[in-house]
Amino acid sequence: MSFEIVSQASCFGGTQFVYRHFSQETGTPMRFAAYVPPQAAKGKVPVVWFLSGLTCTEENFTVKAGAQRVASELGLILIAPDTSPRGDGVPDDADGAYDFGLGAGFYVDAVQEPWAKNYRMRSYIERELPALVAENLPADMSRQGITGHSMGGHGALTIALRNPERFKAVSAFAPIASPMNCPWGEKALSNYIGADRSAWHDYDACALIQGGARVDHILVDQGTADGFLENQLKPHLLEEACAKAGQPLTLRRQEGYDHSYFFIATFIEDHLRWHAERLG
């Protein structure tokens with residue numbers, strides 16, 4: 001399968017694309033959304049990646065966040081990948097649970113069977129997809145930022161902390177702050193990576209920071225009415241890890257906001273402006 005356009009639509013002077021290609025990393029066809037702003041007609045522009053959460057595809061952010069208007073003003077390409085490999089033969093949770101398997105790749109490279117063959121979202125996001133974006137879109141890959149929501153917030157934080165030379169800006173909406181210390185993360189990491197918890201550190205923002213990983217600054221928004229706040233997200237663990245390590249963090253607790261895309265849509269402009277300021 002070649003790199004092909006699934007759909008395109010004019011949007012705030014730019015174009016909203018959905019692309020499809022065959023991934024060597026996941027061994028499956030993959031889709032991603034890309035908003036290309038009008039400024040790209042004159043040359044390459046900065047890139048902001050958005051990683052979505054559990055159960056999502058590339059479509060959720062694209063149609064619900066309302067980010068294109070601001071990206072058009074600021075001249076940002078927005079890239080929204082899928083959250084996991086999909087298709088016939090891709091293993092799923094045996095019980096059909098939403099928090100593991102399809103739609104729940106957790107941005108890891110699985111090493112356990114039967115997941116290892118397809119569930120390679122870390123390598124897909126860190127290497128394969130950026131190369132395709134650089135080759136096919138008017139993207140200035142020297143100016144990249146990354147953000148995400150929930151599981152995708154975990155992905156954004158850990159990918160940025162592992163690749164600080166690539167990302168000049170990082171933020172997150174209601175991220176899973178420490179997957180090693182919550183039910184979602186423990187389920188995913190034990191199945192994808194195995195029982196050895198020391199092998200989980202690369203996929204836990206708090207553990208990475210405790211181990212010396214640093215980025216310039218982190219912006220996090222967290223709703224106080226989020227039903228997953230206490231049991232799954234645990235932003236206080238990120239706050240404590242950053243304070244102890246001297247990692248700059250702006251953690252904003254937004255009163256009355258939940259875990260939905262209404263929350264993301266409310267604050268996406270703040271995040272895109274944060275990224276644009278740092279990407280130049």
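**Reading the sheet**

Tutor: Start with a single pair. Leu 51 has Gly 148 in E6 as its bridge partner. Keep in mind that this is a predicted model.

Student: What holds such strands together in general?

Tutor: Strands of a sheet pair through backbone hydrogen bonds, either parallel or antiparallel. Here, E4 and E6 pair in the parallel sense, over six bridges.

Student: In which sense do E4 and E5 pair, parallel or antiparallel?

Tutor: E4 and E5 pair in the parallel sense, over three bridges. Look at Trp 49: its bridge partner in E5 is Ile 79.

Student: How do E2 and E3 run, parallel or antiparallel?

Tutor: E2 (residues 14–22) and E3 (residues 29–36) run antiparallel, joined by eight bridges. Within that pair, Thr 15 stands opposite Val 36 in E3.

Student: In what order do the strands form the sheet?

Tutor: The order is E1-E2-E3-E5-E4-E6-E7-E8-E9. These nine strands make an open sheet, and the pairing is mixed. The edge strands are E1 (4–11) and E9 (249–254), each pairing on one side only. From one strand to the next, the twist averages 20 degrees.

Student: Which helix packs on the sheet, and which strands are touched?

Tutor: Helix H9 packs there. H9 touches E4 (45–51), E5 (77–81), E6 (139–148), E7 (167–173), E8 (218–223) and E9. The direction of H9 makes about 165 degrees with that of E7.

Student: How many residues of E4 are buried?

Tutor: Seven of the seven residues in E4 are buried, so by the cut-off of under 20% relative accessible area this strand is mostly covered. As for side chains, in a regular strand they alternate between the two faces of the sheet.

**Reading the helices**

Student: Now a helix. What should I know before I look?

Tutor: An α-helix has 3.6 residues a turn, so residues three or four places apart point the same way. Now take H9, residues 261–279. H9 has 19 residues and reaches 25 Å from first C-alpha to last, close to the 27 Å expected.

Student: Where is the kink in H9 centred?

Tutor: The kink is centred on Phe 267 and is about 45 degrees. Phe 267 is also among the buried residues of H9, along with Ile 264, Ile 268, His 271 and Trp 274.

Student: How many residues of H4 are buried?

Tutor: Twelve of twelve, so H4 is mostly covered when buried means under 20% relative accessible area. H4 spans residues 151–162 and reaches 17 Å, close to the 16 Å expected. Its buried residues include His 154, Leu 157, Ile 159 and Arg 162.

**Reading single residues**

Student: Which side chains make polar contacts with Glu 126?

Tutor: Two to note. Arg 162 joins Glu 126 by a side-chain polar contact of 2.7 Å. Glu 126 is found in helix H3. Beyond its sequence neighbours up to four places away, Glu 126 touches Ile 159, Arg 162, Asn 163 and Arg 166.

Student: Why does Glu 126 count as buried?

Tutor: Glu 126 counts as buried because its relative accessibility is 13%, and the cut-off is under 20%.

Student: Ser 84 and Lys 117 next. Where do they lie?

Tutor: Ser 84 lies in the loop between E5 and H3. Lys 117 lies in the loop between E5 and H3 as well.

Student: Is each of them buried or exposed?

Tutor: Ser 84 is at 0% relative accessibility, so Ser 84 counts as buried. Lys 117 is at 65%, so Lys 117 counts as exposed.

Student: What does each one touch?

Tutor: Set aside neighbours within four places in sequence. Ser 84 then contacts residues including Met 30, Gly 101, Tyr 119 and Met 121. A polar atom of the Ser 84 side chain lies 2.7 Å from the backbone nitrogen of Gly 103. Lys 117 contacts Glu 25 and Thr 26. The C-alpha atoms of Lys 117 and Ile 79 are separated by 25 Å, with the two residues 38 apart along the chain.

Methods. Residues are numbered from 1 along each chain as its sequence is written. This is a predicted model: local features need pLDDT of at least 70, side-chain atom pairs count only at pLDDT 80 or more; totals for chains, interfaces and linings use all residues. Side-chain values use heavy atoms; hydrogens and water are left out. Helices (H or I, at least four residues) and strands (E, at least two) are DSSP runs, numbered from the N terminus. The expected span of a helix is 1.5 Å times one less than its number of residues. The bend at a residue is the angle between axes fitted to the seven residues ending there and the seven starting there. Buried means under 20% relative accessible area, exposed over 50%, partly exposed in between (1.4 Å probe, protein chains only). Two strands pair if DSSP finds at least two bridges between them. Axes are lines fitted to C-alpha atoms, for helices over the stretch in contact, and angles run from 0 to 180 degrees between N-to-C directions. Contact means heavy atoms within 4.5 Å. A polar contact is a pair of N or O atoms within 3.5 Å; within protein, one must be able to donate a hydrogen and the other to accept it, and residues adjacent in sequence count only if both atoms are side-chain atoms.
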